[in-house]
Amino acid sequence: MEENQNNNLSNLSPVPKGIRDILPEDHQYLTYIKKVARHRSRQGGFRRIATPMMEREEFITAIHGKNSDLVKNNLYKFKDPEGNDMVLRPEGYSGIIRAYLAHEMKDWPQPIELYYIEPYFEFVPQEKKQFYRSYMEFGAVSIGEKAAALDAQLIYLAHKILQDLNIESLFQLQINHLGCEVCRPKYLMDLENYFVGKERSLCFSCQEKVANNPHYIFRCHEEDCQILSELAPKVNNYWCEDCSKFYNRLRSYLEALEISYRENLGLVGKYDFYTGLVFEYWDRDQKKENILLHGGSFDEVIEKISGKKIPAVGFNMRLEKAIKAMKKEKIKVPSKDNLQVFIAQLSREAKKKCLQLMISLREAGIKAIGVLGKGSIREQITLAEKFKVPYMIIMGLTEVRENIIILRDMKVGQQKVISYDDAVDVIKKLVGEENLDTYTEGELG
Ligand SMILES: [Zn+2]
Ligand SMILES: [Zn+2]
């Protein structure tokens, strides 16, 4: 066996490019967002689903199309030990579509309303300014029935979650309707004809898309491509009666739910497979680069791969973007990580009693910490200050003998003596019932 000459593994320790550790400070946000998303989803009748981290490459290609940017450039592909071509899942819809078909969910009461909070992977080239190859995504889908009221409810769910996170005001909801299988082909044909002959004004990537995916040009950030997109035929001139009715109904529901929105006839959605309704939450300054959440219907892709007409609509949001927005707004999240009591002791006898007390405090839901090592009382107080604990317990030989403790209020810097046996109850009151970290049913996950 070849011996590795370089035993120094320190060059292996940096985080691989494009992926990140979520450190405790950010995790507080993550936990909070998950909690809000779970709560609002459950309230809206959505049930949680988790699909595997990997899917067959063939399946993802069928969903997104072999010419899509995602399939061409952004998939994490690998061969498993049996030689199967696999990918790390790039988004949440594909797994759900597969699960819906595999488990014959069409036989369950419809619509099937599901939500998920899972990690996803997209291979983004390094040269992109903010490239993340692994991210957390929250999404919700409604499959099996078509009704403007269902789409409105889905948007309402997104709206409530952003409101709860206190970031809704930073973003603006944009909506559009891309037509259906009846009216859409004519629109796409006219769009293609419009761009044909204007290729020289388009950027290199857009030139290639004129024939097979003119909507791609709408997403391009190049100025010339944007100007041409703005002057392109407008989808509303092509809507059939059903699409017009659907769209008007949806708008009236949004108004009834007091959700403000902006109609944007140039909005085409993030995925090529979106048809019908599309919606996105854009940064208020309307930079396309900063889309917090996007959604749309994807009936046609399900029909394409299964041959069955199954309506579907969904949205998803990258949690890292929500965290960034919350931090920008200086929104504080309630944290259960903050320590409440620091226990300092002097002497071996005190150490034993302190250990027992620490366990009793923790059992009562109070977050207690004590180093219980050596260290002078001064050193332990300094440490308690570093941990920013509001209360400190001090026990020495005298306290052990008299079965008492010294309780120090760190904020005011005053201390008093109380009975060892009353310690848990006294501190519970000081900390406050609502701040105790006890298990509550329904909070797992
Ligand atoms: Zn139509
Ligand atoms: Zn372009």
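Is Cys354 buried or exposed? Cys354 is buried, at a relative accessible area of 0%. The cut-off for buried is under 20%, so Cys354 qualifies. One thing before I go on: this is a predicted model.

Let's start with the overall layout. The domain assignment gives the protein chain a domain 1, made of 13-183 + 239-328. It also gives a domain 2, covering 341-434. How far apart are the C-alpha centres of domain 1 and domain 2? They lie 49 Å apart.

Now the metal sites. Take the zinc ion, ligand 1. Its coordinating atoms are the SG atoms of Cys180, Cys183, Cys240 and Cys243, at 2.3 Å. Along the chain, these donors follow the spacing C-x2-C-x56-C-x2-C. What is the arrangement around this zinc ion, ligand 1? The four donor atoms subtend angles of 103 to 120°, so the arrangement is tetrahedral. For reference, the ideal angle for four tetrahedral donors is 109.5 degrees. One of the donors of ligand 1, Cys183, is buried, with a relative accessible area of 6%.

Next, the zinc ion that is ligand 2. Which residues are its protein donors? They are Cys203, Cys206, Cys220 and Cys225, each through SG. The distances run from 2.2 to 2.4 Å. The spacing for ligand 2 reads C-x2-C-x13-C-x4-C. The four donor atoms here subtend angles of 104 to 112°, which makes this arrangement tetrahedral too. Cys203 and Cys206 are both buried. For Cys206, the relative accessible area is 0%.

On to the helices. Helix H1 spans residues 24-43, which is 20 residues. From first C-alpha to last, H1 reaches 28 Å. That is close to the 28 Å expected at 1.5 Å a residue. Its buried residues are Tyr29, Leu30, Ile33, Val36, Ala37, Arg38, Arg40 and Ser41. What do they pack against? Among the partners are strands S1 (47-48), S5 (112-121), S6 (134-143) and S11 (312-318). Helices H5 (148-164) and H12 (319-328) are partners as well. After H1 comes Gly45, with a positive phi near 85°.

Helix H2 covers residues 57-64. Why call H2 largely enclosed by the rest of the structure? Because six of its eight residues are buried. Those six are Glu57, Phe59, Ile60, Thr61, Ile63 and His64. On the strand side, they pack against S2 (54-56), S3 (76-79) and S4 (85-88). On the helix side, the partners are H3 (69-73), H4 (92-102) and H11 (299-306). Just after H2 sits Gly65, and its phi is positive, about 90°.

Last stop: Leu430. Which helix does Leu430 lie in? Helix H16, residues 423-431. Leu430 has a relative accessibility of 36%, so it counts as partly exposed. Set aside its neighbours within four places in sequence, and Leu430 is in contact with Tyr391 and Leu407. Glu199 is another matter. Leu430 and Glu199 are 231 residues apart along the chain, and their C-alpha atoms are separated by 71 Å.

To recap. Ligand 1 and ligand 2 are zinc ions, each with four donor atoms in a tetrahedral arrangement. H2 is largely enclosed. Cys354 is buried, while Leu430 is partly exposed. Thanks, and over to the group.

Definitions and conventions:
Residues are numbered from 1 along each chain as its sequence is written. Chains are lettered from A and ligands numbered from 1 in the order in which they are written. This is a predicted model: local features need pLDDT of at least 70, side-chain atom pairs count only at pLDDT 80 or more; totals for chains, interfaces and linings use all residues. Side-chain values use heavy atoms; hydrogens and water are left out. Helices (H or I, at least four residues) and strands (E, at least two) are DSSP runs, numbered from the N terminus. The expected span of a helix is 1.5 Å times one less than its number of residues. Buried means under 20% relative accessible area, exposed over 50%, partly exposed in between (1.4 Å probe, protein chains only). Contact means heavy atoms within 4.5 Å. Donors are N, O and S atoms within 2.8 Å of the metal (3.2 Å for Na, K and Ca); water is not among the atoms, so sites may look incomplete. Four donors count as tetrahedral if all angles lie between 85 and 135 degrees; four count as square planar and six as octahedral if opposite donors are over 155 degrees apart and all others between 65 and 115; anything else is irregular. Domain bounds come from an automatic or database domain assignment.
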